[in-house]
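Work through the exercises below with the structure at hand. Each task is followed by a stepwise solution.

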Amino acid sequence: MSNTDLPTPTNLAAFCWSIADLLRGDFKQSQYGRIILPFTLLRRLEGVLEESKEAVLAKYDEIQALNLPEEAQEKFLLRATQTPGNPNGLSFFNTSKMDLSKLGASGIKDNLESYIQGFSKDAREIFEHFKFSEFIAQLNDVDLLYKVVQKVKSTDLSPQSPSNPNGISNHDMGLVFEELIRRFAEGSNETAGEHFTPRDIVRLTTALVFMEDDDALTKPGIIRTIYDPTAGTGGFLSSGMEYLHELNPQGIMKAFGQELNPESYAICKADMLIKGQEVNNIKLGNTLSNDQLYAEKFDYMLSNPPFGVDWKKIESSIKDEHTLKGFDGRFGPGLPRVSDGSLLFLLHLISKLRDSKDGGGRIGIILNGSPLFTGGAGSGESEIRRYILEADLLETIVAL
């Protein structure tokens, strides 16, 4: 097969999405993505693991007798994923002897569930947040599970390697997955806004934050960090990685994020796993009341926090941090009214800027108009704006 015959990410995504043809009638359109995304992830992970599978299974048999805790087992098994083609190893593994071609028609539901349980903790957790076992049971009830598995099995998502130059690189697989996420967001309109920021806006924000550093980013061996405290399905993190990849395919962008919605978190984590990121840098929980990356500082931060969402539920913990920690915490300059938490996210990001003596950091945040003008002089909003201007942190405001 020549390079010109290779499927493009868009064609591959369309092929993956064609599972929907089997689901019509038995499932709602808004559910298609909840089945297609985890199956696509599973097929890709299977392809990535293939090279080290036997070594991992042998190591697993060897350490079973030692009665080690799960964390210690993980260290041994992750080391077993190192191969000549991938000397650094992988960030996940699977200890099941199963794969999609061995599930068989009878007992397929139990076999598939035990196969998923064989994944290492971070990968397994993604399937749990997708509620994948519920969908496996539903597919089984309507006699579709075997057909879907056969269809997924026929999709070749094996990775590019010296022995498989026509495979799909992490970068292209990321594009496939993003296209599937976009189709899912369009199909499940009820949460489209939560799931997805339009690509043009993501791209514009990314370019504004990165373009001052274009010269630095083209240098060999460059490593940078990117963070999104409202990561959603990972659109901003992917956009930052994409921007660097276009300038410098050898550059490394380490992604960090936190997300409140378990399903969006699962999608984001799956996307990062597919792109070869360290997925334990993606956290689940409320960023404002429970910052799980509190000690970290970052080079680039991009965020589209929810517009006009109140912070009543976490009011006491935010007020405590403001009163007790002052400027040593995140919310020293002031607190906005409880009906809109947008400026809390902005203060949170400012607290994570790398110190200027370490090279500083840059933030791009998408807000609606109200944080620019609500609150009279002396109000929390006004004090936050004053702090940002006096500290000379504001570079530009783009009105769309």
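The model is predicted.

**Exercise 1. Determine the strand order of the open sheet and identify its edge strands.**

Step 1. The five strands are arranged as β3-β2-β1-β4-β5, and their pairing is parallel.
Step 2. β3 (282–284) and β5 (362–365) each pair on one side only, which makes them the edge strands.
Step 3. From one strand to the next, the twist averages 15°.
Step 4. For the pairing of β2 (residues 252–259) with β3, three bridges are found; Gly257 lies opposite Ile282 of β3.

**Exercise 2. Find which strands helices α14 and α17 lie on, and give the helix directions.**

Step 1. Helix α14 (residues 235–247) lies across β1 (223–228), β2, β3 and β4 (300–303), at about 170° to β2.
Step 2. Helix α17 (residues 342–350) touches β1, β4 and β5, and its direction makes about 165° with that of β5.

**Exercise 3. Describe the salt bridge between Arg124 and Glu70 and classify both residues by accessibility.**

Step 1. The N to O distance between the two side chains is 3.3 Å.
Step 2. Arg124 belongs to helix α7 (residues 121–129) and Glu70 to helix α5 (residues 70–79), 54 residues apart.
Step 3. Buried means under 20% relative accessible area. Arg124, at 15%, is therefore buried, whereas Glu70, at 40%, is partly exposed.

**Exercise 4. Explain why Lys319 and Glu315 are separated by about one helical turn.**

Step 1. The closest N and O atoms of this salt bridge are 2.6 Å apart.
Step 2. Both residues are in helix α16 (residues 315–325); they are four residues apart, so about one helical turn separates them.
Step 3. Lys319 is partly exposed at 37%, and Glu315 is partly exposed at 21%.

Key: Residues numbered from 1 in each chain as written. Predicted model: local features only at pLDDT ≥ 70, side-chain atom pairs only at ≥ 80, totals over all residues. Heavy atoms only, no water. Pairing = 2+ DSSP bridges. Helix = DSSP H or I, 4+ residues; strand = E, 2+ residues; numbered from the N terminus. Axes fitted to C-alpha atoms, helices over the stretch in contact; angles between N-to-C directions. Contact = heavy atoms within 4.5 Å. Salt bridge = Lys/Arg side-chain N within 4 Å of Asp/Glu carboxyl O. Buried < 20%, exposed > 50% of the residue type's maximum accessible area, 1.4 Å probe, protein only.
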